[in-house]
Amino acid sequence: MFELSPTEWTAIQLSLRVATVATLVAAPLGIAVAWLLARRDFWGKSLLDALIHLPLVLPPVVTGYLLLLTFGRRGLVGAWLADHLGIVFAFRWTGAALACGVMSFPLLVRPIRLSIEAVDQRLEQAAGTLGATPLRVFLTVTLPLALPGVLAGMVLGFAKAIGEFGATITFVSNIPGETQTISSAIYSLIQTPDGDSAALRLVVVSVVIAVAALIGSEWFARRATKRLHGN
Amino acid sequence: MLRVDVAKQLGEFHIEARFASEGRVTGLFGASGAGKTSLINMIAGLLRPDRGTIAINGETLDDTAAGLHVPVHRRRIGYVFQDARLFPHLDVRQNLDYGRRMNRLADDAAARARITDLLDIGHLLERRPGHLSGGERQRVALGRALLAQPRLLLLDEPLGSLDEQRRVEILPYLERLRDEAGIPMIYVSHDPDEMRQLATDIVLLKRGRVAAFGGVEVLPAIASLVR
């Protein structure tokens with residue numbers, strides 16, 4: 001009964017690839033932004049904060065459409081990237097990864113920011129008196145102590161990226177084998193006669209992935225607390 | 001030789017301090033709130049003076065008129081904090097090695113052995129700070145600061161968070177440090193007995209100003225002044 005068809009497998013693999021790439025590319029950027037928000041005061045800080053959280057409150061269709069306007073072939077950034085670097089997002093799986101990265105960014109940044117804020121700045125001062133440059137203070141003290149939070153943020157971001165639907169389908173459509181992720185595959189199957197059992201199988205798969213991600217995130221959060229208490 | 005001549009406004013509190021010291025252990029003495037910690041934070045480079053100069057062995061670290069402020073990580077000034085501040089994610093060995101790594105110093109097994117012996121922390125090397133007693137933590141913090149090979153060591157009430165029994169346990173280590181390590185120290189405390197035992201010079205700080213400067217013999221007279 002639980003036999004996955006090649007189309008379903010393709011959708012699952014594509015979802016995993018899209019979410020993995022989105023998370024890995026977004027993570028360094030997310031860490032940098034989280035550090036800025038946690039440790040620095042600068043002009044436009046609340047604007048940056050709002051901008052990052054925008055995908056969380058905007059209708060995903062709007063985010064997807066904005067991505068299409070910006071990164072589409074005729075979009076301002078999209079045209080430039082295609083002409084100069086040969087990078088095309090529109091209707092490609094890379095575009096799906098971009099949409100997922102943008103949509104999951106607030107969920108990725110938040111735990112990282114909280115865990116950086118929880119790092120005792122007095123330890124960072126101590127590292128400075130021992131000769132560590134600000135960058136090395138970050139790499140040897142702040143980041144290791146915030147690492148469980150970083151991993152928790154990545155897990156959460158990954159889970160969000162796996163399930164992303166609205167922005168992805170708006171931006172890169174629903175092309176089997178290229179941009180059809182689990183979510184858009186389920187959407188198509190529901191609209192197909194006799195698609196119910198296939199849709200149900202994919203639903204089970206996405207529930208399993210989501211639950212695993214949440215348990216993983218919880219585990220990392222517990223490790224973070226333990227680590228900060230010096231055990 | 002340490003020369004300090006600084007002014008700093010911290011909210012309602014104003015620090016204006018000036019002294020020069022060549023002693024092995026300069027005791028920075030005063031009641032809590034006299035500005036002792038702010039003053040050594042300025043020497044360490046953690047706090048930037050509003051006005052004035054700080055120089056050590058002829059090298060200027062701060063000169064506000066010239067816009068000079070050597071950042072904390074380039075000062076080579078060790079700091080032992082009241083709360084030890086060991087890195088919780090590193091074991092004792094890695095904590096001790098941290099300053100050597102950050103300053104890219106050559107590995108000196110002899111110096112390491114000498115200091116772990118001096119502070120009696122050789123049996124703690126594999127432990128995490130969470131599994132140390134308060135006195136052990138403070139000894140490791142001392143070792144960590146020393147192994148970064150500082151040219152000056154700042155000690156901010158290193159016994160302040162310890163009970164009487166632990167103080168008695170650590171004091172002899174500090175005396176050995178003074179007599180054997182050969183690194184000048186600034187020792188912050190509000191305890192006249194500690195001062196008498198350790199310091200060679202005394203700077204008395206009162207409400208942000210240097211009220212007296214001299215040898216240990218001035219301590220009994222000034223003790224009443226502080227309270």
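Modeller: Welcome! One term before we start: a residue is buried if 20 or more other C-beta atoms lie within 10 Å of its own, exposed if 12 or fewer, and partly exposed in between. Please keep in mind that this is a predicted model.

Biologist: Thanks! Is A:Leu81 buried, exposed or partly exposed?
Modeller: A:Leu81 lies in helix 4 of chain A, which covers residues 76-84. A:Leu81 has 16 C-beta neighbours inside 10 Å. Being buried takes 20 or more and being exposed takes 12 or fewer, so A:Leu81 counts as partly exposed.

Biologist: How far apart in space are A:Leu81 and A:Arg39?
Modeller: In sequence, A:Leu81 and A:Arg39 are 42 residues apart. In space, C-alpha to C-alpha, the distance between A:Leu81 and A:Arg39 is 33 Å.

Biologist: Let's step back to the whole chain. How many helices does chain A have?
Modeller: From the N terminus on, the elements of chain A run α-α-α-α-α-α-α-α-α-α. There are zero strands in chain A, and the number of helices is ten.

Biologist: What percentage of the residues of chain A count as buried?
Modeller: The C-alpha trace of chain A spans about 70 × 45 × 30 Å along its principal axes. Among contacts in chain A with a separation of 6 or more, 77% are between residues 24 or more positions apart. Of the 231 residues of chain A, the buried share is 45%.

Biologist: Now the packing of helices. Are helix 3 and helix 5 of chain A parallel, antiparallel, perpendicular or oblique to each other?
Modeller: Helix 3 (residues 60-71) and helix 5 (residues 93-118) of chain A have axes 11 Å apart and pack at an angle of about 130°. Roughly perpendicular ends at 115 degrees and roughly antiparallel needs over 145. Helix 3 and helix 5 of chain A are therefore oblique.

Biologist: And how many residues of that contact between helix 3 and helix 5 of chain A are nonpolar?
Modeller: Helix 3 of chain A brings A:Pro60, A:Thr63, A:Gly64, A:Leu67 and A:Phe71, while helix 5 of chain A brings A:Gly95, A:Leu98, A:Ala99, A:Val102 and A:Met103. The residues of this contact include three polar and no charged ones, and the nonpolar ones number seven.

Biologist: Last one: which helix of chain A gives the most to the side that touches chain B?
Modeller: Here 19 residues of chain A are in contact with 22 residues of chain B. Helix 6 (121-129), helix 7 (134-163) and helix 10 (196-228) of chain A each supply at least two residues of that side. By class, the side of chain A has eight nonpolar, eight polar and three charged residues. With six residues, the top contributor is helix 6 of chain A.

Notes:
Residues are numbered from 1 along each chain as its sequence is written. Chains are lettered from A and ligands numbered from 1 in the order in which they are written. This is a predicted model: local features need pLDDT of at least 70, side-chain atom pairs count only at pLDDT 80 or more; totals for chains, interfaces and linings use all residues. Axes are lines fitted to C-alpha atoms, for helices over the stretch in contact, and angles run from 0 to 180 degrees between N-to-C directions. Helices (H or I, at least four residues) and strands (E, at least two) are DSSP runs, numbered from the N terminus. Angles under 35 degrees count as roughly parallel, over 145 as roughly antiparallel, 65 to 115 as roughly perpendicular and the rest as oblique. Two residues are in contact if their C-beta atoms, placed from the backbone, lie within 7 Å. Ala, Val, Leu, Ile, Met, Phe, Trp, Tyr, Cys and Pro count as nonpolar, Asp, Glu, Lys and Arg as charged, and the others, Gly among them, as polar.
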